[in-house]
Every structure is written in structure tokens, then in C-alpha cells.
Amino acid sequence: MTNGSRGRKAVALTFDDGPSEYTPGFLQVLREKGVHGTFFEVGQEMGGRESTMRQILAEGNEIGDHTMNHVELPGYAQIAGAAHLIEQITHFKPCLFRPPGGAADSSVIATAGSLGMRTITWDVDPRDWSTPGTSAIYNTIVDNAQPGSIILMHDGGGPRGETLAALPAIIDTLRSRGYGFETVSELLGYRLIYKPYG
């Protein structure tokens with residue numbers, strides 16, 4: 001699944017490879033702008049960042065599974081392990097899986113499906129992981145976004161200051177063009193069931 005309906009002016013902002021030391025900054029921008037995003041998280045990054053993960057959900061954002069160790073074409077243990085950690089830490093059972101690198105074959109999709117997760121990729125990629133510069137990230141996203149777009153960004157996996165710096169202007173520009181912002185589940189028309197932590 002690379003995008004939602006092209007008939008509705010809404011997009012999903014997604015953030016991969018966290019949680020990281022940058023994630024609270026991303027959450028602050030989303031909070032200030034009144035926007036929700038979807039965070040696809042890696043199991044090996046979760047230790048010590050449990051409160052950040054709970055904050056993601058408490059503020060109306062969504063968490064998805066991005067494997068335990070960011071391996072391409074992952075097996076059951078990689079996908080199930082991250083899902084289990086997310087549920088253990090937040091009491092939220094993820095319903096979305098994003099394959100690292102976007103690499104998904106029928107086996108990966110079936111494995112995620114057996115765990116109750118839809119496999120989600122994207123249709124807008126600023127290649128921000130390569131640190132091309134804040135303006136390049138901004139321009140790629142605003143030039144390519146269209147109704148139903150799932151926009152790929154990264155809040156972890158390396159230095160993410162450029163992406164963080166670009167985010168407020170990305171939101172402002174797309175909003176000025178009439179776009180709304182939704183979690184991936186909202187964009188795809190799924191009901192998100194989240195039991196608050198505690």
C-alpha cells in the first residue's frame with residue numbers, strides 16, 4: 001500500500017527508524033502545528049525511549065512496526081519481535097508494518113498479515129536519510145505530494161536535524177494548499193484502537 005485515496009486532500013506524514021534523540025523534537029513540531037503523524041519504529045532503538053513512545057500515542061500519533069534490527073526482507077522473528085515490544089511498552093498493538101527499504105515480497109506481506117498488520121510503503125520520498133539539505137527535503141515533498149500521499153521521512157537512523165528543520169515549512173505549505181494531515185490508518189480508512197497507557 002503506497003497511498004490512500006486520491007479523491008481526498010489529505011496526506012500522511014511518516015517517520016522511520018526511531019525512536020531517537022530527535023523524536024521529541026518531531027513531536028514538538030507536530031504538537032505545535034496540530035498535526036498527527038505515524039512513526040515506524042525499530043525494536044533495537046526502543047530501550048530507554050519508552051516514555052517517548054508513550055508520548056507519541058498519547059498525543060494522537062500512531063506507531064507502526066519497522067522490524068527489530070532494520071533488516072530487509074525480514075522473517076517472522078524480526079517483525080513479531082518489534083510488534084511485541086511496541087505492545088509491551090505502550091499497550092498498543094500495531095496494525096501497520098513498514099518493510100525497511102520498502103523491500104517487500106509475498107512472504108514479508110503474508111508474515112505481517114499473519115500478525116494483523118498491513119504492509120505500508122510510500123509514494124513521496126525526499127531521501128532525507130542521505131542528508132541532502134533542508135531545502136532539498138522540503139522541495140521534494142511539497143513538489144510531489146498529492147491527495148492520498150504517504151510521505152516518507154526519518155526521525156532516527158542518523159543525523160536528522162535537516163528533516164526536523166524542514167518539517168514546519170512542509171506542514172505550513174501543504175496546509176496552505178488545502179491539505180489535511182492524518183495518520184496512515186486514518187488515511188486508509190481504518191479505525192485506530194488505542195488503549196491509553198496505565
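Strand β6 (residues 150–154) is mostly covered, with five of its five residues buried. I150, L152 and H154 point one way from β6, I151 and M153 point the other way, and all are buried. Buried here means under 20% relative accessible area, exposed means over 50%, and partly exposed lies in between (1.4 Å probe, protein chains only). Helices (H or I, at least four residues) and strands (E, at least two) are DSSP runs, numbered from the N terminus. The model is predicted: local features need pLDDT of at least 70, side-chain atom pairs count only at pLDDT 80 or more, and totals for chains, interfaces and linings use all residues. Residues are numbered from 1 along each chain as its sequence is written, and side-chain values use heavy atoms, with hydrogens and water left out.

Strand β6 pairs with β1 in the parallel sense, over five bridges. Two strands pair if DSSP finds at least two bridges between them. M153 in β6 is the bridge partner of F15.

The structure holds two aromatic pairs. The rings of F15 and F26 have their centres 5.3 Å apart and their planes at 65°, so this pair is edge-to-face. Rings of Phe, Tyr and Trp (its six-membered ring) pair if their centres lie within 6.5 Å; planes under 30 degrees apart count as stacked, over 60 as edge-to-face and the rest as tilted. The F15–F26 pair links distant parts of the chain. F15 belongs to strand β1 (residues 10–18) and F26 to helix α1 (residues 23–33), eleven residues apart. Both F15 and F26 are buried. Together with F39, these two residues form one aromatic cluster. Elsewhere, K9 lies over the face of Y179, at 4.8 Å from the ring centre. A charge sits over a ring if NZ of Lys or CZ of Arg is within 6 Å of the ring centre and within 35 degrees of the ring normal.

D17, in strand β1, has a positive phi of about 80° although it is not a glycine. With 12% relative accessibility, D17 counts as buried. The peptide bond from G18 to P19 is cis, with omega near 0°. P19 lies in the loop between β1 and α1. T67 is another non-glycine residue with a positive phi, of about 75°. T67 is found in the loop between β3 and α3. Its relative accessibility is 0%, so T67 counts as buried.

L73 is also placed in the loop between β3 (62–65) and α3 (76–90). At 48% relative accessibility, L73 counts as partly exposed. Residues up to four places away in sequence aside, L73 touches A103, A104, D105 and V108. Contact means heavy atoms within 4.5 Å. L73 and T121 are 48 residues apart in sequence and 13 Å apart in space, C-alpha to C-alpha.

T183 sits in the loop between β7 (180–181) and α7 (184–187). At 0% relative accessibility, T183 counts as buried. Beyond its neighbours within four places in sequence, T183 is in contact with A12, H36, G37, T38, G60, N61 and E62.

From the N terminus on, the elements run β-α-β-α-β-α-β-α-β-α-β-α-β-α. Of the 198 residues, 49% count as buried. Among contacts between residues at least 6 apart in sequence, 76% join residues at least 24 apart. The C-alpha trace spans about 40 × 35 × 30 Å along its principal axes. With 198 residues, a compact globule would have a radius of gyration near 16 Å; the chain has 15 Å, which agrees. This radius is taken over C-alpha atoms, and the globule rule is 2.2 Å times the number of residues to the power 0.38. The chain exposes about 8,100 Å², of which carbon and sulfur atoms supply 50%. Accessible areas come from the Shrake-Rupley method with a 1.4 Å probe; for residues, only the protein chains shown count as cover.
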